[in-house]
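Subject: Structure handover

Hello,

Here is the structure I said I would pass on. My notes on it follow below.

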Number of protein chains: 2
Amino acid sequence: MNLNKLLKPKTIAIIGASDKAGFSGDTIRNYMKFSRNLDQLYFVNPKRDEVFGKKCYHSILDIECDIDLAIICTPQKTVIPLLREAAEKNCGGAVVFASGYGEVGAEGKAKQQELVEEADKLGIAVMGPNCAGFANFIDGIFAFAFLVEERDRKGNIGMISQSGQIVLAGLDSPNMGFSHVISSGNSCNVKVEDYLDFLVEDDDTKVVAAYIEGITKPAKLIETFRKAALKKKPIVILKTGRSSKSQELAASHTGSLSGSDKVLRAIFKRYGIVEAGDLEELCSLAAAFSWMRELPAGRRTVFMNVSGGEAGVSADLSEEYGIPLAEYKPETKAYLKSLLPEYGSVNNPFDMTAGIGYNTPVMVDAIKAISADENVDMICVAYTITPEIWDDTIAHMVEAVSIARQDKSIKPIVWLPFIEHTRHQGSADILKASGTPLLASGKYGCTAIRKILDFASFEYEDGGCAIPEKTAKTGSKGLSEYDSLCYLEKHGVVIPAQAVAATKEEAVEVAKTLGYPLSVKIHSAQIQHKSDVGGVKLNIKNDEELCQAFDIIMDNCKKNAPGAELSGVLLKPMLKTGAEMIIGINNDKDFGPTIMVGMGGVFVELFKDVQLAPVPLTRNQAVKMIEQLKAYPLLNGYRGNPVYDKDALADLLVSIAAMAAEGKDEIKELDINPVFVSEDGVAIADALLILKEEC
Amino acid sequence: MNLNKLLKPKTIAIIGASDKAGFSGDTIRNYMKFSRNLDQLYFVNPKRDEVFGKKCYHSILDIECDIDLAIICTPQKTVIPLLREAAEKNCGGAVVFASGYGEVGAEGKAKQQELVEEADKLGIAVMGPNCAGFANFIDGIFAFAFLVEERDRKGNIGMISQSGQIVLAGLDSPNMGFSHVISSGNSCNVKVEDYLDFLVEDDDTKVVAAYIEGITKPAKLIETFRKAALKKKPIVILKTGRSSKSQELAASHTGSLSGSDKVLRAIFKRYGIVEAGDLEELCSLAAAFSWMRELPAGRRTVFMNVSGGEAGVSADLSEEYGIPLAEYKPETKAYLKSLLPEYGSVNNPFDMTAGIGYNTPVMVDAIKAISADENVDMICVAYTITPEIWDDTIAHMVEAVSIARQDKSIKPIVWLPFIEHTRHQGSADILKASGTPLLASGKYGCTAIRKILDFASFEYEDGGCAIPEKTAKTGSKGLSEYDSLCYLEKHGVVIPAQAVAATKEEAVEVAKTLGYPLSVKIHSAQIQHKSDVGGVKLNIKNDEELCQAFDIIMDNCKKNAPGAELSGVLLKPMLKTGAEMIIGINNDKDFGPTIMVGMGGVFVELFKDVQLAPVPLTRNQAVKMIEQLKAYPLLNGYRGNPVYDKDALADLLVSIAAMAAEGKDEIKELDINPVFVSEDGVAIADALLILKEEC
């Protein structure tokens with residue numbers, strides 16, 4: 001979908017133009033205040049000849065030229081007729097502020113559907129309905145209906161939000177400068193994903209900031225994320241829906257239906273999307289990326305403080321947020337010591353004392369020395385900036401950063417205030433000019449540092465994705481353990497030896513090949529919880545025990561699972577145990593199969609210690625999933641246990657993920673529980689596969 | 001220690017008075033700018049006759065009257081002679097700005113010791129050295145050496161900090177108003193604990209805010225905390241030292257040596273101390289308590305938003321920070337619905353829409369209805385306040401809160417901005433006047449709400465404490481399992497039946513009383529890890545097995561623990577297992593014995609899932625420790641397991657804690673690992689007690 005006529009129009013009509021407060025008057029006020037060019041702007045209102053002293057047409061059809069964009073400020077019932085007229089003027093984009101659509105029940109949803117169909121037919125990209133519009137700060141186009149404080153906001157952040165209020169928060173945020181802001185509202189025919197794609201492609205946009213409530217075009221989203229990852233363009237996303245309450249609210253707000261929130265977060269992780277936890281994070285993270293001249297080459301950070309107390313606070317915060325503290329080389333340490341008064345000492349966090357902090361040239365030298373240290377990747381100058389500069393130290397330090405950064409080889413610097421940030425515009429401006437982000441305070445700032453380090457060190461692996469076809473298959477069919485494992489084997493997954501036997505005699509015959517000791521389980525597609533019905537016997541050592549086991553299992557199952565078709569028993573050599581892991585596949589309706597790994601039992605159930613990722617997996621991605629488990633130490637030689645074969649586990653994950661990607665339109669669910677990981681490899685002990693089926 | 005002459009002096013001398021920048025000139029500038037009364041202020045400098053146009057004495061001895069407080073701005077070497085002179089004027093307090101003491105190595109420590117001894121001898125309470133001084137906003141006394149922006153800061157927060165910079169942060173923080181600010185620096189003879197006590201006792205102080213690096217008077221601290229808990233006066237503390245790096249920095253900053261950080265945090269928890277994670281939290285939490293007219297009676301909170309997006313963000317934040325969302329009564333819901341436009345719906349978080357948010361009287365009605373709902377304890381109005389009020393909504397909402405709060409029965413309201421807070425002083429002033437805290441933004445604000453709710457619902461139980469005597473006993477002696485258990489039994493702890501036997505024959509005899517099956521373990525004070533040397537045999541079923549076990553154990557131990565004195569074997573009936581817990585006692589050098597409980601194995605080792613508390617314990621405290629374990633569900637009927645006897649476990653904790661409190665000067669360490677908790681009670685399976693001993 002080409003959004004150029006919508007977002008970068010050459011000619012614009014405001015329909016329903018008036019000077020009264022409300023969508024129309026406020027949009028026009030914004031337009032006239034912020035835009036440098038009103039020549040291509042036309043007003044339309046059948047009842048007015050002039051608005052704000054400018055000619056007003058009675059109909060869009062009266063305008064002499066074609067109109068790229070129609071900003072429709074009139075009520076719901078007028079929208080479709082107006083779109084039809086606009087289409088006659090070759091209109092390709094429209095902003096619809098009116099509400100009463102998808103967000104308000106069945107009738108509204110029907111009206112929205114009607115609007116979508118008409119817009120698609122007319123070839124008009126509609127922003128909204130139920131939105132606050134957009135502002136394009138690059139070309140000076142203002143279709144934004146909420147009045148804002150007057151100041152220059154041009155910059156390189158492209159912001160898109162399903163909530164107009166949240167766009168307003170961005171516009172209020174003093175450190176954010178924008179290429180585009182877009183309040184997409186119900187996102188009826190132009191979807192959030194389309195705007196994201198526009199911003200990722202847009203060369204005026206360095207950073208994308210987004211507030212989203214729901215996803216409707218998963219394949220488009222993935223493609224956009226992939227483009228951004230390849231360009232290393234940061235996308236910062238605030239996605240509500242971590243709590244069930246916020247999922248509920250999103251449905252009533254813009255009619256968005258969230259898919260699985262966890263799956264979306266796994267997608268974010270795969271593509272290096274920077275997730276913001278709330279509005280302050282969204283705004284301050286986007287601003288930080290926007291101001292940074294370059295990303296750090298590694299993670300090792302030095303904190304420069306001017307007080308022992310604040311150095312202590314910095315130390316605790318750095319540990320809490322996982323910001324690795326750099327170790328100086330001895331020569332750096334010696335040089336810094338030479339800059340300090342006698343009572344000072346060189347640490348990281350570094351209490352520079354008044355000796356350095358109150359003295360611009362000395363601080364410049366200190367920054368240069370720290371930056372030159374090959375053990376250092378980034379510097380964080382940590383000091384509160386007051387609304388008025390009463391404390392000269394601030395001025396000295398800001399100046400020192402600015403002077404040091406004139407040398408383009410100086411490593412990235414960020415500035416962390418301890419209490420409220422951005423309170424002195426002059427200092428902020430100097431830092432911005434030097435490519436030094438002024439972070440939000442304390443915990444927010446350290447969260448930002450951590451996320452900047454994560455983004456900078458993220459290496460995208462272009463391993464493809466597995467978005468399923470939209471399918472009519474809403475039914476499902478569970479396979480027996482034997483059939484599940486056969487399916488796995490057929491699709492490239494290594495499984496332990498197994499065989500089925502319909503009779504005792506067959507069992508004894510099969511045992512000759514498999515070798516004792518054996519596990520014996522009921523073989524039936526209808527029995528999924530085999531132990532519960534007495535369908536499992538373990539550690540069978542000889543023919544006699546085997547025959548007994550066969551009889552007992554059959555008797556138990558006849559009794560306890562009367563409806564089930566019993567096809568005999570499944571025989572497997574007893575497996576070497578070790579750690580009991582579980583591996584699962586779930587096929588998300590939007591993003592396709594995801595693979596889950598965790599350690600069985602309380603680790604998964606109580607501590608929710610699982611890793612989730614979309615399929616397929618590269619080997620490296622599989623290794624990271626394993627290493628990021630909290631229970632990982634248990635695999636790695638815990639308390640005298642052997643080091644288990646994590647490589648084999650990673651290989652297994654890769655092969656299962658590949659199978660799931662290939663089977664994206666067929667596999668509904670897979671539950672491998674447990675798989676044993678020992679020092680000698682992995683062995684799947686049980687598996688349940690559920691395939692999609694026509695209903 | 002009486003601090004009145006130091007902190008509330010009637011006559012003050014500034015020694016080394018001058019008009020130059022630095023301690024003296026800046027202190028005088030602050031004094032003259034902020035104080036309403038200069039009549040009792042005297043300047044002293046042997047080289048000056050006048051400073052800032054005011055008479056300057058050549059010596060403190062020349063002043064006509066007694067001097068309560070000497071503010072000493074001169075270098076280190078002059079301090080002791082000046083204190084001696086001051087003492088002749090009946091001086092009872094001194095501020096010493098000079099550094100070069102305890103914070104800079106052995107020589108400095110010696111100088112500090114000399115200063116302490118002299119001050120104690122002269123009866124002068126010394127603030128500092130290496131400090132920034134104090135300001136008493138109630139009486140207008142300013143002995144503070146860092147220049148600050150000019151504005152009224154009088155209020156009801158008493159702040160004490162070992163870092164002058166952090167006091168400065170408080171003074172910079174726009175929502176904080178102070179009774180006293182104290183930069184105590186090295187806290188040489190007047191300790192942090194003394195200042196805390198002063199502020200807890202002080203009627204002008206409603207909230208205490210403290211930054212501390214180390215504790216030196218634990219008994220005083222406990223007594224102060226106890227007083228505050230009984231008065232329900234909030235103490236907000238920022239204590240660095242969560243990371244080892246910050247512990248290291250504190251040592252070099254003010255020479256503070258931290259005891260165990262975890263123990264101090266357990267003490268905080270016991271007394272309802274509000275812990276701040278960083279500076280922004282310290283400042284904004286103290287400000288919130290300072291502004292609140294009353295504490296909420298319960299935890300159930302309603303969020304009032306003016307946007308679906310922000311309501312979603314509020315929902316996620318409330319879940320993340322554990323803020324329980326109130327459920328409206330049906331009549332409240334119906335009434336709120338009647339205030340909304342058709343498209344609105346009543347939720348919590350509540351998107352009020354323009355219908356309520358843009359209309360002051362309607363919002364007042366909404367607040368009143370929500371406040372009147374008996375299911376609601378607190379209201380959080382969540383909206384960003386911009387530096388200039390361009391968006392009328394802010395003004396409407398602030399006004400509505402202010403009008404509603406004129407009714408004193410309206411429940412507590414807090415205001416949560418989504419991005420930077422306190423940016424429009426007029427709005428802040430209105431909220432403050434109505435007793436409505438303007439919180440820090442987003443996550444900080446929600447942290448504050450959570451901590452306010454925790455503080456409000458905290459019920460102090462005055463169960464006493466067990467600070468040990470300072471002791472010369474630096475040695476220790478480990479007891480055998482048998483002797484450890486006998487010690488426990490003697491001190492009121494219920495233990496399972498046990499007996500020792502020196503010979504096989506004795507063992508067989510003893511077995512008759514205990515009954516099979518039995519566990520048999522080596523009995524030796526020198527062998528602590530009995531399994532490691534082959535000193536344990538379990539599930540012994542008869543006399544024959546017992547005799548065999550006896551021989552094997554003796555042989556193993558002779559071979560594997562050649563130095564140990566073998567006193568025979570310890571016999572116990574096999575215990576009923578269940579959950580394996582561990583219970584420990586550690587005797588902190590400052591705060592005495594603490595008791596720890598956790599579930600054995602990976603829960604303790606990998607997930608650090610333990611609860612720690614000072615002793616003694618009330619039954620209620622013991623129950624809470626158990627319930628706050630992450631592994632608690634495992635005790636409570638997990639996956640078909642029986643519900644284990646948590647009451648018996650709580651009783652056991654209470655009895656062990658009582659024993660530890662009584663033995664605070666004798667017990668060094670106790671390690672009970674494991675104790676079995678089953679549906680039938682608890683049973684200690686192994687115990688190792690270490691007692692203090694003369695070296």
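How much area is buried between chain A and chain B, and what share of that area do carbon and sulfur atoms give? The buried area comes to about 6,400 Å², and carbon and sulfur atoms account for 58% of it. Please keep in mind that this is a predicted model, so every value below was computed from predicted coordinates.

The interface

Chain A brings 82 residues to the contact, and chain B brings 82 residues too. Four salt bridges are counted between chain A and chain B. One of them pairs B:Glu320 with A:Arg242, with N to O at 2.7 Å. There are also 25 residue pairs in polar contact across the interface of chain A and chain B.

On the chain A side, several elements each supply at least two residues that touch chain B. Among them are helix H5 (164–172), strand S13 (235–239), helix H8 (244–254) and helix H10 (279–291). Helix H17 (442–457) and helix H21 (602–605) also belong to this group. The largest share comes from H11(A), with eleven residues. Sorted by class, the side of chain A that touches chain B has 34 nonpolar, 24 polar and 24 charged residues.

Chain A as a whole

The secondary structure of chain A consists of 23 helices and 29 strands. Its C-alpha trace spans about 100 × 80 × 35 Å along the principal axes. Chain A has 695 residues, and 61% of them count as buried. If one takes the contacts in chain A between residues at least 6 apart in sequence, 70% join residues at least 24 apart.

Salt bridges

Over all chains, the structure holds 77 salt bridges. A few are worth looking up in the viewer.

In chain A, the side chains of A:Asp454 and A:Arg450 form a salt bridge at 3.1 Å, N to O. Both residues sit in helix H17 of chain A, four residues apart, which is about one turn of the helix. A:Asp454 has a relative accessible area of 30% and A:Arg450 has 31%. A:Asp454 is therefore partly exposed, and A:Arg450 is partly exposed as well, since that class runs between 20% and 50%.

In chain B, B:Asp454 forms a salt bridge with B:Arg299, at 2.7 Å from N to O. This pair links distant parts of the chain, 155 residues apart. B:Arg299 is in the loop between helix H10 (279–291) and strand S15 (301–305) of chain B, while B:Asp454 is in helix H17 of chain B. The relative accessible area is 25% for B:Arg299 and 31% for B:Asp454, so B:Arg299 counts as partly exposed and so does B:Asp454.

Another salt bridge in chain B joins B:Glu331 and B:Lys329, whose closest N and O atoms are 3.3 Å apart. B:Glu331 is partly exposed at 49% relative accessibility, and B:Lys329 is partly exposed at 23%.

There is also a network of salt bridges in chain A, which links A:Glu481, A:Lys521, A:Lys530, A:Lys572 and A:Asp686.

Aromatic pairs

The count over all chains is 26 aromatic pairs. One of these is A:Phe23 with A:Phe97, a stacked pair with 5.0 Å centre to centre and 20° between the planes. The two residues are 74 apart in the chain and link distant parts of it. A:Phe23 belongs to helix H2 (residues 23–34) of chain A, and A:Phe97 belongs to the loop between strand S6 (93–96) and helix H4 (105–122).

B:Phe137 is buried, with a relative accessible area of 9%, and B:Phe142 is buried at 4%.

Ring pairs also link five residues of chain A into a cluster, namely A:Tyr31, A:Phe34, A:Phe137, A:Phe142 and A:Phe178.

Regards

Conventions: Residues are numbered from 1 along each chain as its sequence is written. Chains are lettered from A and ligands numbered from 1 in the order in which they are written. Side-chain values use heavy atoms; hydrogens and water are left out. Contact means heavy atoms within 4.5 Å. Buried area is the accessible area (1.4 Å probe) that two parts lose on being put together, summed over both. A polar contact is a pair of N or O atoms within 3.5 Å; within protein, one must be able to donate a hydrogen and the other to accept it, and residues adjacent in sequence count only if both atoms are side-chain atoms. Ala, Val, Leu, Ile, Met, Phe, Trp, Tyr, Cys and Pro count as nonpolar, Asp, Glu, Lys and Arg as charged, and the others, Gly among them, as polar. Rings of Phe, Tyr and Trp (its six-membered ring) pair if their centres lie within 6.5 Å; planes under 30 degrees apart count as stacked, over 60 as edge-to-face and the rest as tilted. Buried means under 20% relative accessible area, exposed over 50%, partly exposed in between (1.4 Å probe, protein chains only).
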